[in-house]
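Please look over the protein chain shown below before reading on. The briefing that follows goes through it topic by topic, beginning with a single helix.

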Amino acid sequence: MKTILIIAATFAVLVILLLAAAAYALRSAFAKRCDGNPSLKYFTSDDFEGLMRRDVEFPSDKGQLLRGAVYTYEAVTKPLGLVIFAHGMGGGHLSYMTEINTIARAGFKVLSYDNTGTMSSEGGSLVGFYQSVRDLESAVKFASGDSELSGYKAVLVGHSWGGYASCCASCKVKDKISGVVAFSAPESAAGAAVDSVGMSSGLKLSFLKPLFSIASVIVNGFDSRRSASDSLIAVGNIPILLLHGDCDPSVSMKNSPVSNKALTSRENVSVIVCHGRAHNVYQTERSEKYLDEVFGKISAAAKKYGKSGIPEAEKSKIYDIDYALITEEDSEIMKTAVDFMIRAVKTQK
């Protein structure tokens with residue numbers, strides 16, 4: 001009996017230590033701001049002929065101001081509807097200006113913004129994975145009270161972290177939306193953490209997912225227990241489009257709502273699995289390959305030179321970037337997504 005108690009106590013201590021490590025890892029990943037790379041060019045509305053912007057700001061859950069803009073195309077006199085676009089990690093909404101421009105040119109008003117602790121928005125840190133959901137809920141609330149936007153039910157659109165936000169926020173704001181489009185969305189914060197650690201270490205760590213699930217609730221709050229699929233099922237019959245690359249190293253197919261049959265078997269849910277594609281399925285294959293090469297060089301140089309910084313001579317070579325290529329859209333994927341948005345706003349009127 002004594003041996004059994006010792007084993008049980010040892011196991012309990014190990015679980016507690018692993019849980020503490022998981023919670024620490026989640027907190028650490030979001031403990032600082034994301035202000036982008038000052039050496040990179042971020043497109044703005046000025047880079048797209050006919051694209052207009054109205055700068056906006058609105059409070060999120062703790063009163064921190066989120067800043068962004070409402071984008072419209074000057075030739076559109078009668079907008080089809082409103083799209084609220086949620087960005088992924090690594091940069092703010094300006095990282096998606098090519099996609100925002102495409103959606104605006106199709107006839108939509110597009111509200112996009114920077115999440116808490118990102119680029120132009122307030123906040124000392126990113127807070128946590130679930131913060132993107134709270135920020136998107138705040139954006140929907142802002143739109144519903146804005147004189148220019150309040151007449152529309154929004155289509156929630158997002159990529160990666162923003163895709164997760166679009167899925168999870170949908171059930172909270174279902175009376176204010178007409179559709180959801182999620183590119184490369186993770187099913188859960190815990191799964192995203194397992195994918196991230198696994199990608200960096202090269203190890204398969206699925207067995208740690210239950211610990212990360214508990215740690216996520218500790219770090220992100222009780223609301224974060226709900227998965228993307230559970231949230232989308234709770235939406236009802238609102239049209240949903242999920243797009244995912246089957247070679248995505250950042251968000252595995254196992255940690256994607258596209259793998260949840262209880263969700264994908266529903267009539268209102270459309271799924272597109274992009275074969276041979278990675279994380280940014282809205283880009284062309286050659287564009288994403290080039291993006292990976294560029295960021296691989298930047299990461300290698302930063303690691304090599306550390307705090308001393310990359311020498312100017314080498315920096316000029318690394319940052320000699322073909323921005324047309326690195327943002328090149330997959331026209332077929334984007335047309336499919338935009339056509340879906342158009343059908344969604346028409347059927348929900």
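Helix α3 covers residues 131-145, and at 1.5 Å a residue its 15 residues should span 21 Å, which agrees with the 21 Å between its end C-alpha atoms. The model is a predicted one, and the values below are computed from it. Taken as a whole, the protein chain has a secondary structure of twelve helices and eight strands.

**The chain as a whole**

- Of the 349 residues in the protein chain, 51% are buried.
- When contacts with a separation of 6 or more are considered, 74% of them in the protein chain are between residues 24 or more positions apart.
- The protein chain exposes about 16600 Å², and carbon and sulfur atoms supply 57% of that area.

- Helix α9 runs over residues 285-305, and its 21 residues should span 30 Å at 1.5 Å a residue, which agrees with the 31 Å between its end C-alpha atoms.
- The buried residues of α9 are S287, E288, Y290, L291, V294, I298 and A301.
- Seen down the axis of α9, these buried residues fall within an arc of 160°, so they line one face of the helix.
- On the other side of α9, the residues E285, R286, K289, K303 and K304 are exposed.
- The cover over the buried residues of α9 includes α10 (312-318) and α11 (323-326).
- Just after α9 comes G306, which takes a positive phi of about 55°.

- Strand β7 (residues 240-245) is mostly covered, since six of its six residues are buried.
- In a regular strand, the side chains alternate between the two faces of the sheet.
- In β7, I240, L242 and H244 point one way while L241, L243 and G245 point the other way, and all of them are buried.
- Strand β6 (residues 177-183) runs parallel to β7 and is joined to it by four bridges; the bridge partner of A182 in β7 is L242.
- Strand β8 (residues 269-274) also runs parallel to β7, and six bridges join the two; here L241 stands opposite S270 in β8.

- A search of the whole structure finds zero disulfides.
- C167 is buried, with a relative accessible area of 0%, whereas C247 is partly exposed, with a relative accessible area of 47%.

**Two buried serines**

- S231 has its place in helix α7 (residues 228-233), and at 0% relative accessibility this serine counts as buried.
- Leaving aside residues up to four places away in sequence, S231 touches C167, C168, S170, C171 and R226.
- S45 and Y73 are 28 residues apart in sequence, and their C-alpha atoms are 10.0 Å apart in space.

**An exposed glutamate in a loop**

- E267 is found in the loop between α8 (261-264) and β8, and this residue is exposed, with a relative accessible area of 84%.
- E267 and I240 are 27 residues apart in sequence and 9.5 Å apart in space, C-alpha to C-alpha, and I240 is one of the buried residues of β7.

Technical notes:
Residues numbered from 1 in each chain as written. Predicted model: local features only at pLDDT ≥ 70, side-chain atom pairs only at ≥ 80, totals over all residues. Heavy atoms only, no water. Buried < 20%, exposed > 50% of the residue type's maximum accessible area, 1.4 Å probe, protein only. Contact = heavy atoms within 4.5 Å. Areas by Shrake-Rupley, 256 points an atom, 1.4 Å probe, with all protein chains shown as cover. Pairing = 2+ DSSP bridges. Disulfide = S-S within 2.5 Å. Expected span 1.5 Å × (residues − 1). Arc of directions from axis to C-beta.
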